Amino acid sequence: MQRRFIAGLAAAAAVTLVLTGCSSGSSAGGGQTEDSLTWSMWIAGKEDQAAWQKVADTVKSDDGITLTIQGAPFENYFTKLSTQLSGGSAQCVVSMQSLRAANYTSSLLPLDDLAKKDGLDLSAFDSTALDGMKVDGKLYGLPYDTGPIMMFYNRDLFKQASVDEPKPGWTVDQFEAAGAALKAKGITEFGSTVSDLNLESMIYGYNGGRVITEGGKIDATDAKFAEGLDWLGSLVQKGYATQASSDSSQSSNDFAAGKVAMYTDGPWSLISQKAKVQFDLGVTTLPSGTSGPSTFAAGSGFGISKQCKYPEQAFKAVQTMTSEKVLTSLAEEGRAFPGRTAAQASWYSSAGIEGAEEALKAALAKSSPLVGNRQSDQLSQLFTQYALQAVNGQASGKDTMSSISGQLGSQ
């Protein structure tokens, strides 16, 4: 997920509001019935809309529940959701990112009791995906996708520069050596970004620095994270990386255009990126530094609003939406790396990218869920404002994190 969490979803920024069956002014609370519920989802265009409509149609055929989608572009989705929640007009089924779940615990229904009552086998879900949908030990959504941040690369550019392709488990030293070799051939290695999940994952892999602790607290004073920002800035200074942009889709766009040899993204974007680019696409783990191979993972799922009048029916729908059948279908379309372990094989076979399974399994084995925090959205905005300066060499990592810490205040 992102994402800005999910880079693949960032394309939604340019899409106008997409609605299926509901008007933007409809009241979800007034439209609910036992066999007719509403679902809030981010929609990235006509193809995206059609894919999610298939999921809603499956709920209709399997459960007899008409699930009407009310969608918005990703960049507007959470603003719209917050407005609906505060105004009492939220949908029954709510799509939620793991990174943002902590912001909505007062509005979402914990699902633990419903899962226990229905005898749902939660062990069938990827453990990292499931943990990502928990806040303070309570489950607020069933995951439909998950994945670690990885490194996508242009095989053709590496071949052109006579540089060995990166293998899963490669190191920071190897990453920088490749950057120097590519630069010598007039090729920029890496597309910089300050998008939260991507930025934090690169630094986590570099030295283990993290600004959100395992317990979900923000620690903007972490010295390792500041050092990681300085390292990213050094890549720009050496000419191995582009300057970062406030546009979260810039690195993806530069990669697709062949302007950079590598950028960071999640498996949710791999199949769609493959269809977009005009070169041979590869994927590997993030370069590892002093802490060994590591990355952050995140994902998205479906929860239930506390405003929903029929939570048991909504939970039945959510179970179908995250069933092996549905997630296998989404995997085959390249729309999600499934949150259910049994459905993940379909993603591997559909990807059709040499080495993708090996790389993704290696990344999953060394990934940690990036826990959300109630200030995650603010932190993301501050990265765009301040971390951008650090990556682009306009401020030190220490000063940057001092400024961010001052803006966030104490928890």
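Reader: Quick one to start: which helix do Glu357 and Lys361 lie in, and how many residues apart are they?

Author: Both sit in helix H15, which covers residues 356–365, and they are four residues apart, about one turn of the helix. Keep in mind that this is a predicted model.

Reader: OK, and what do the side chains of Glu357 and Lys361 meet in?

Author: They meet in a salt bridge, at 2.7 Å from N to O. In general, side chains of opposite charge can pair when their charged atoms come close.

Reader: Is Glu357 buried or partly exposed? And what about Lys361?

Author: Glu357 counts as partly exposed, with 36% relative accessibility. Lys361 is partly exposed too, at 44%.

Reader: How many salt bridges are there in the whole structure?

Author: A search of the whole structure turns up eight. One of them joins the side chains of Arg155 and Glu165, at 2.9 Å from N to O. Arg155 is in helix H6 while Glu165 is in the loop between H6 and H7, so this pair ties together parts that are 10 residues apart in sequence.

Reader: Arg155 first: buried or exposed?

Author: Buried, because its relative accessibility is 9% and the cut-off for buried is under 20%.

Reader: Switching topic. What about the largest nonpolar core, how many residues does it have?

Author: It has 53 residues, and those with the most contacts inside it include Phe175, Leu199 and Val211. Among the elements that give two or more residues to this core are strand E7, helix H7 and helix H16.

Reader: Which element gives the most?

Author: That's H16, with eight residues. There's also a second, separate core of 51 residues, which includes Leu37 and Ala314.

Reader: You mentioned Val211. What does Val211 touch?

Author: Leaving out residues up to four places away in sequence, Val211 touches several residues, including Ile218, Phe225, Leu379, Phe383 and Met401.

Conventions:
Residues are numbered from 1 along each chain as its sequence is written. This is a predicted model: local features need pLDDT of at least 70, side-chain atom pairs count only at pLDDT 80 or more; totals for chains, interfaces and linings use all residues. Side-chain values use heavy atoms; hydrogens and water are left out. A nonpolar core is a set of buried Ala, Val, Leu, Ile, Met, Phe, Trp, Tyr and Cys residues joined through side-chain atoms within 4.5 Å. Buried means under 20% relative accessible area, exposed over 50%, partly exposed in between (1.4 Å probe, protein chains only). Contact means heavy atoms within 4.5 Å. A salt bridge is a side-chain nitrogen of Lys or Arg within 4 Å of a carboxyl oxygen of Asp or Glu.
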